[in-house]
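Morning, everyone. Have a look at the model first.

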Amino acid sequence: MSKDKKKTSLRYRLIWPLRNEKWQPISIPVASILVSFIAAAIIILLLGKNPFQAFYNLFQGAGILPKPTYAGYKSMLTDFLQLLNAMTPMVFASLAVAVALRAGLFNIGVSGQMLASGFLATIIVGYSGLDAFIAKPLVLLVGMVAGGLMGGLVGWLKYKFNIHEVVTTIMLNYISQYVISFFIHMYYIDPISRQSKYITEAARLTLVNVEIANMKMNIPLGFILAIAIAVFIKFLMDKTVVGFEIKAVGSNRNAAKYTGIKVGSNTVLAMVISGGLAGLAGVTYYLGYFGSIQPKVLTNIGFDSIAVALLGNAHPVGIIFSSFLISIIDQGSTYMSSQAGIRQEIASVIIGLILLFSACSAYVKYKVSRLKDKEVDRKDSES
Amino acid sequence: MMSDYIVEMKHITKRFPGIVANDDVSIGIKKGEIFALLGENGAGKSTLMSILCGMYEPDEGEIYIRGEKVQISSPNHAANLNIGMVHQHFKLVEDYTITENIILGVEPISKFAGLFPYVGIRNANRKIEELSKNFGLEVDPTKRIADLTVSMQQRVEILKVLYREAEILIFDEPTAVLTPQEIDFLLGIIEGLRNSGKTIILITHKLEEIKKVADRCAVLNKGKLIDVLDVKTTSTNLMAQLMIGREVSFESEKAPAQFKEEVLKVEQLTVKNEDGFEVVKDVSFTIRSGEIFAIAGVADNGQVEIADAIAGLVKASGGNIFLNGQDITNDSIRNRTESGISYVPEDRQRFGLFLDFDVATNLASKQYYKEPFSNKGILNKQEFDQFGSQLIDKYDIRSGQGIKTQVRSMSGGNQQKAIIAREIELQSPLMIFVQPTRGVDIGAIENIHKMIIEQRDQGKAILLVSLELDEIMNVADTIGVIYNGQFQKIASSESLTTNEVGEYMMGAKHE
């Protein structure tokens, strides 16, 4: 009997953070991450490998934990900076999804917006030979404007002709993918790499192979901007009239119209902001993380970002953490596969599991509240 | 233990955060009677019945069905005990046919060639047709829900519980959405069901309905059971008194009107609906300061469109609207609010409120862009909260967690209070009320009428659109009777009798 009681109290303490509604925005994503790591561990066990070893390697590869040996000019810091480099476009892309979500819109076209803005920035600034001080801000500007215009077009089509944004964004994904690959093949192809020609160092948003203390590092300038923009978006959505109106439209279009909010222009505005953020993701990806564009390929970041935004509760600070985690798994996967002999795809499985479990958060919330009711009933019947 | 009750609920207590919805309530319902539950919004009627239907479990208390103690853990369990609920807000799939909706969840499975299972829709159709004929609820089972009128949809809801062989039927505010003729029909159906041996529980706050059909009636107030009455020997006045815990005056007291300058002038207003059909034709009228102008009429005769056109929610296709002498016909909604229009809309959940926002945000949702709520585009959340708590006190808006309560979790009456509070606080010279008391209980109705008259006495011009003739006769100074998008008659309320207004409403009498 007493053993039984102990068990319930332990269980109670374990799920307490899940029960408390105030903690749910944090506890549910954390729980889904834990559960997915456990699930991944089982898979790795079934493969006959040591899961702890694998996870350890994952963090080593991402530059969170030190590796036993490093190649010349490399250290843990090198790996960590590379992690931030990869994470930067993910943060922007997820913010783009989140802003649209708050306005009740589903921007599934982040990939296309990234590609279009990356391409335009590449041909306008990337090959121009401008000075770094002019080129880098100009790249950001071109990316933001191009993405914003493309997002704005989606919003305008929705407002003017009531075309659903999911349809337009998917179509624009295809259009940009093939039109841009045509232009790359025709004018900008590098015959050896079969990609677009590399952009100048001056235009690149990541400083490549910078020598500091006898180390060669890639310094992602965009990362600082990403954090700053995330904080700005939080401020914009929570503390300003603009954010209030966007959220109002997202919450109830009819009521928004009734209170005098211009539903149409707010729809367009939200898509412009979302597209502009996607544009920043595009330039930090194609002109930062990479230095060229692979034709006929849409990056996965645009789609992963939907799930990353959901994992972060569509909240800017949450998004920083969720992109950080997903990028760790992404970046660490190569090292894990070489060290533990586990195929790289297992990393994708882990990411997939995390996103799957986090997508279940609504169900978890519901289940928890049901359990709560039940427990109260049981207590009553006991007493 | 044997008893003559088919349903017994003993000492039921149910708490929600901040509110005791049911406080030690005990009722017994006899087989084959119509048992009414009377109470204001938020009195705990719906919670009590949700417990009986297995949607909530009580914190304390016991339930006996046919003398046996049960713990109803889910709606399915309730259905197994032959308990069915006809919900106020229909739970139907619009794109499915009547049959598909009814069998949803209990699909009859047939087997093709004795092997491959499929849904036996044809048998179900036949069974539902039979059922509907037996109870006088004729429907065509193959029709899609989206093509049905509201009252037909309600029939489907009733058939749904009958199909599940319910013996105990709970009707939750069944007449709230119906026209007077449909109400009479429905009450007939309910009596028919009782006569065929079913037990009926009727949740309502309309006294006439109870008087008309119910045998006994339990009165709830603030979660407590006040009394169980025999309907035949109790006056409606006493019931109303018990329900709100004090005496009610069905007639609002008001001082004689004092009209001053003209506030609203509508000239030859024409409004087209989405199909390009003229629903308001060439309508002209004026409202003066200190005047309550009521538009009387049967539903869907253009009265809501007039209100929407004045507030700017729909475009006028012809004519002009003047507010304090200014032409506002082509102004934006925001500009009209600024020049002095308050609007309590008909559909409070779709238009009036952001259900997922908290009370404070909703109360400030028409002023957030102005000082002191925001300054240079930056919101001042403290001001929101302060304004919110001030209004919650002033207008007695009941919410579980104060200003942070999600509006969705509040009762309908309190949602309406929040809207009215917000609109009055705008201090607009013109106030539009469309169906301000729809789905609101008697106590609150009295309160809302008082507030409207108070606003009039402060010199506001008031446009009241209502389908309740009593309300109009009671409150209005001037009555415009609309029929088919045109005013049949505009006259002072003293010069018209209820019967006359009724005749104009039906288009039977012309000027």
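Between domain 1 of chain B and domain 2 of chain B, about 640 Å² is buried. Carbon and sulfur atoms give 60% of that area. Buried area here is the accessible area, with a 1.4 Å probe, that two parts lose on being put together, summed over both.

A word on the basis. This is a predicted model, where local features need pLDDT of at least 70, side-chain atom pairs count only at pLDDT 80 or more, and totals for chains, interfaces and linings use all residues. Residues are numbered from 1 along each chain as its sequence is written, chains are lettered from A and ligands numbered from 1 in the order in which they are written, and side-chain values use heavy atoms, with hydrogens and water left out.

Back to chain B. Domain 1 covers 5-244, and domain 2 covers 262-352 + 428-505. Those bounds come from an automatic or database domain assignment. Over C-alpha atoms, the two centres are 35 Å apart. Eight residues of domain 1 of chain B touch seven of domain 2 of chain B, with contact meaning heavy atoms within 4.5 Å.

Now the cavities. The whole structure has three of 30 Å³ or more. A cavity is a set of points, on a 1 Å grid over the protein atoms alone, where a 1.4 Å probe fits but cannot get out; lining residues have an atom within 4 Å of a point. Volume is the space filled by probe spheres set on the points.

The largest cavity holds about 60 Å³. Its lining includes Gln24(A), Pro25(A), Ile28(A) and Pro29(A). Which helix of chain A gives the largest share of this lining? H2(A), with four residues. H2 (24-46), H12 (301-311) and H15 (361-382) of chain A each supply at least two; helices are DSSP runs of H or I, at least four residues, and strands are runs of E, at least two. By class, the lining has five nonpolar, four polar and one charged residues.

The second largest cavity has about 50 Å³. Among its lining residues are Tyr258(A), Ile333(B), Arg336(B) and Lys366(B). Helix H10 (333-340) and strand E18 (341-344) of chain B give two or more residues each. H10(B) has the largest share, three. The classes here are six nonpolar, one polar and two charged.

Conventions
On a 1 Å grid over the protein atoms alone, a cavity is a set of points where a 1.4 Å probe fits but cannot get out, and a pocket is an open set with protein on both sides within 12 Å along at least five of seven lines; lining residues have an atom within 4 Å of a point. Ala, Val, Leu, Ile, Met, Phe, Trp, Tyr, Cys and Pro count as nonpolar, Asp, Glu, Lys and Arg as charged, and the others, Gly among them, as polar.
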